[in-house]
Amino acid sequence: MNFRRDVFQAISDPTRRAILLLVATQAMTAGAIASNFDTARPTVSKHLQILTECELLKKEQNGREIHYQVNANKMKEVADFIEPFRQMWDNRFNKLEAVMKNYQSKK
Amino acid sequence: MEQKTNIAAEEGKQDLTITRTFDLPVELLFKAYTESEFVAQWMGTKVLKLESQKHGSYQFETSHNGNVVFSAEGTIHECVPNQQIIRTFEMLNMPIGVQLEFLNFEKLTEETSKLTIQIIYKSVEHRQEQLKMPFAYGLNMAHDRLQEFLIKLK
């Protein structure tokens, strides 16, 4: 399953969304990004890898350092943030269904 | 995989359409929207008022630790049992503004039904604010979790 290429899968994760928001203001090194999170460094690296693979982030070599920056074009594709909105409704409706099924079975 | 909940939001438009199929008879789906007891349960909010009738109005409010964290209200323009609700909806203290909602309830089989909600916002920008909200909420959740983690470490 090639889920990493799926942009929406990528942004469905709260940490990855936080990374995108962080990098949106300025290009940063992996270390600088990781210092903003309390998660283990390899976990942040994994998130960066996923975001890069689905082209939401771009890597740029600056001397010896690699800076990550947001790929504006790709971000535009998901700029409407439809997927989190859809998931919010999906969760809400699942709840509705569960509540009414429970009521139905009690009748 | 076919998704049960779909969102259609055309670029540059000020409305969007949400569709969802339910494993519920249409009567129960309609009840979930028109009876306080059920609205309170699935929306996880306190229902201060809900008059499910033409010219009726409603008011929802959610508190957390004594603070109001969610508050919404609106008026009902049309309420046809098991078929349609037309209402306005406004979340207070949010930049989304008043929205007009057309809810269509449809019977598919005896045990399944479909809900189609068309929401019209004041402008394209207002719709954008709405779409951004769960995204921002996800971010807050991430921060909250981080906070909890930090507290545990202390």
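Where in chain A is confidence lowest, and where is it highest?

## Model and confidence

Confidence in chain A is lowest in helix α5 (residues 72-77), at a mean of 71, and highest in strand β1 (residues 28-29), at 94. The quantity is pLDDT, the predictor's confidence in each residue, from 0 to 100. Over chain A the mean pLDDT is 84, and 88% of the residues reach 70 or more. Where pLDDT is low, the predicted coordinates should not be read in detail.

This is a predicted model, in which local features need pLDDT of at least 70 and side-chain atom pairs count only at pLDDT 80 or more, while totals for chains, interfaces and linings use all residues. Residues are numbered from 1 along each chain as its sequence is written, and chains are lettered from A and ligands numbered from 1 in the order in which they are written. Helices (H or I, at least four residues) and strands (E, at least two) are DSSP runs, numbered from the N terminus.

## The sheet of chain B

Eight strands of chain B form an open sheet with antiparallel pairing, in the order β1-β2-β8-β7-β6-β5-β4-β3; two strands pair if DSSP finds at least two bridges between them. β1 (5-8) and β3 of chain B each have a single partner strand and stand at the edges, so one side of each lacks a neighbour in the sheet. From one strand to the next, the twist averages 20°. Angles run from 0 to 180 degrees between N-to-C directions, with axes taken as lines fitted to C-alpha atoms, for helices over the stretch in contact.

Strand β3 (residues 46-50) of chain B is joined to β4(B) by four bridges, and B:Lys46 stands opposite B:Glu61 in β4(B). The hairpin of β3(B) and β4(B) has six residues between the strands, and B:His55 takes a positive phi near 70° there. Between β4(B) and β5(B), which run antiparallel, there are eight bridges; B:Ser57 has B:Thr75 in β5(B) as its bridge partner. The hairpin of these two strands has two residues between them, with B:Asn65 at a positive phi near 50°. Eight bridges also join β7(B) to β8(B), and B:Glu101 is paired with B:Ile119 in β8(B).

## Helices on the sheet

α6(A) packs on the sheet, touching β1 and β2 (15-22) of chain B, and its direction makes about 140° with that of β1(B). Helix α2 (residues 36-43) of chain B also packs on the sheet, touching β3 and β4 of chain B, at about 145° to the direction of β3(B).

## Nonpolar cores

A nonpolar core is a set of buried Ala, Val, Leu, Ile, Met, Phe, Trp, Tyr and Cys residues joined through C-beta atoms within 7 Å. A residue is buried if 20 or more other C-beta atoms lie within 10 Å of its own, exposed if 12 or fewer, and partly exposed in between, with C-beta atoms placed from the backbone. The largest core has 21 residues, of which A:Met100, B:Leu29, B:Ala32 and B:Phe105 touch the most other members. At least two residues each come from α6 (82-106) of chain A and from α1 (26-34), β4 (57-64), β5 (67-80) and β7 (98-107) of chain B. The largest share, five residues, is supplied by α1(B).

Beyond its neighbours within four places in sequence, B:Phe105 is in contact with residues including B:Val26, B:Leu29, B:Phe30 and B:Leu115; contact requires C-beta atoms, placed from the backbone, within 7 Å. A second, separate core of 17 residues includes A:Ala10, A:Ala34, A:Leu48 and A:Leu56.

## Two residues on paired strands

B:Leu103 lies in strand β7 of chain B and is buried, because 20 other C-beta atoms are within 10 Å. Leaving aside neighbours within four places in sequence, its contacts are B:Tyr33, B:Gln84, B:Ile85, B:Leu115 and B:Ile117.

B:Gln118 is in strand β8 (residues 113-120) of chain B and is partly exposed, because it has 16 other C-beta atoms within 10 Å. B:Leu103 and B:Gln118 are 15 residues apart in sequence and 6.6 Å apart, C-alpha to C-alpha. B:Gln118 and B:Ile7 are 111 residues apart in sequence, with 9.9 Å between their C-alpha atoms.

## Strand pairs in chain A

β1(A) and strand β3 (residues 65-70) of chain A run antiparallel and are joined by two bridges; A:Met28 stands opposite A:Tyr68. Six bridges join strand β2 (residues 57-62) of chain A to β3(A). In the hairpin of β2(A) and β3(A), A:Gly63 in the turn has a positive phi of about 65°.
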